[in-house]
Amino acid sequence: MESRKFFSEELSRLRQDILAMATRVEENLGKALTALRTRNSDLAKEVRADDSDVDALQIRIEDDAAMIIATQHPVARDLREMVTIFKLTSNIERVGDHAVHLSRAAKKLAKSADAPLGMQENLEKMAHLGQQMLRAAISAFLEQDANAAREAAAMDCLIDSEHKEITESILKLMKKKPEQVKSALQILHTSNQLERLGDHITNICEAVIYMIEGKHEELNE
């Protein structure tokens with residue numbers, strides 16, 4: 001009985017650490033978004049500095065989870081949650097990397113006088129959707145709600161739609177205004193990164209469904 005109590009307490013702590021890690025990444029996305037919107041290079045630097053804290057959290061969570069598996073020998077539903085935790089930390093960390101990329105793009109575009117501002121608005125929408133999607137996915141994990149995970153994953157279609165619009169606009173722009181090719185390609189590359197951000201959050205949603213229902217479900221095929 002004491003062993004079960006200890007496991008429950010440790011699992012609860014891991015869940016809170018996952019929330020802290022995801023919250024930090026969501027905040028970094030917000031900072032990168034503001035840096036892009038305001039062309040604030042200092043804020044962009046801050047995102048890159050904060051990413052080291054995200055990496056440290058990932059290492060700590062995974063070390064703690066491995067220790068719990070080794071000492072508590074969880075089975076069935078409990079073991080699935082422990083496996084899911086590793087999937088969550090890996091994908092949250094990758095989302096954090098995309099936030100860093102967005103901050104780097106913000107810094108580069110801040111120096112570009114010919115950046116196509118209309119397409120930057122699409123990037124802002126993608127980043128904002130990424131924030132919402134990540135928040136919903138982690139909420140589904142904490143609430144143990146598979147349907148909420150499916151709903152969160154469905155938001156990826158909105159990110160994909162913005163990415164498609166940017167891609168089409170960039171191709172048209174490069175034909176009409178070749179002098180803007182450099183900044184246009186930077187926006188396209190950043191859009192590609194943000195599109196992948198949605199894929200990583202979809203992976204989180206799939207892991208949550210596996211944890212709850214014990215089945216592998218492909219979302220957003």
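**Fold and helix packing in a predicted model**

Among contacts in the chain between residues at least 6 apart in sequence, 83% join residues at least 24 apart. The model is a predicted one.

The secondary structure is helical: 7 helices and 0 strands were assigned to the chain. Read from the N terminus, the order of elements is α-α-α-α-α-α-α. The C-alpha trace extends over about 70 × 35 × 20 Å along its principal axes.

Burial and surface were computed for the chain. The chain holds 221 residues, and 48% of them count as buried. Its accessible surface amounts to about 10700 Å². Carbon and sulfur atoms contribute 51% of that area.

Charged side chains were then counted. The chain carries 30 positive side chains and 38 negative ones. The centres of the two sets are 6 Å apart.

Helix α5 covers residues 146-154, and helix α6 covers residues 156-176. The two pack at an angle of about 5 degrees. Their axes lie 4 Å apart. Angles under 35 degrees count as roughly parallel; α5 and α6 are therefore roughly parallel to each other. On the α5 side, the contact is made by Ala 152, Ala 153 and Ala 154. On the α6 side, Asp 156, Cys 157 and Leu 158 make the contact.

Key: Residues numbered from 1 in each chain as written. Predicted model: local features only at pLDDT ≥ 70, side-chain atom pairs only at ≥ 80, totals over all residues. Heavy atoms only, no water. Buried < 20%, exposed > 50% of the residue type's maximum accessible area, 1.4 Å probe, protein only. Contact = heavy atoms within 4.5 Å. Areas by Shrake-Rupley, 256 points an atom, 1.4 Å probe, with all protein chains shown as cover. Lys, Arg positive; Asp, Glu negative; His and termini not counted. Charge placed at Lys NZ, Arg CZ, Asp CG, Glu CD. Axes fitted to C-alpha atoms, helices over the stretch in contact; angles between N-to-C directions. Parallel < 35°, antiparallel > 145°, perpendicular 65-115°, else oblique.
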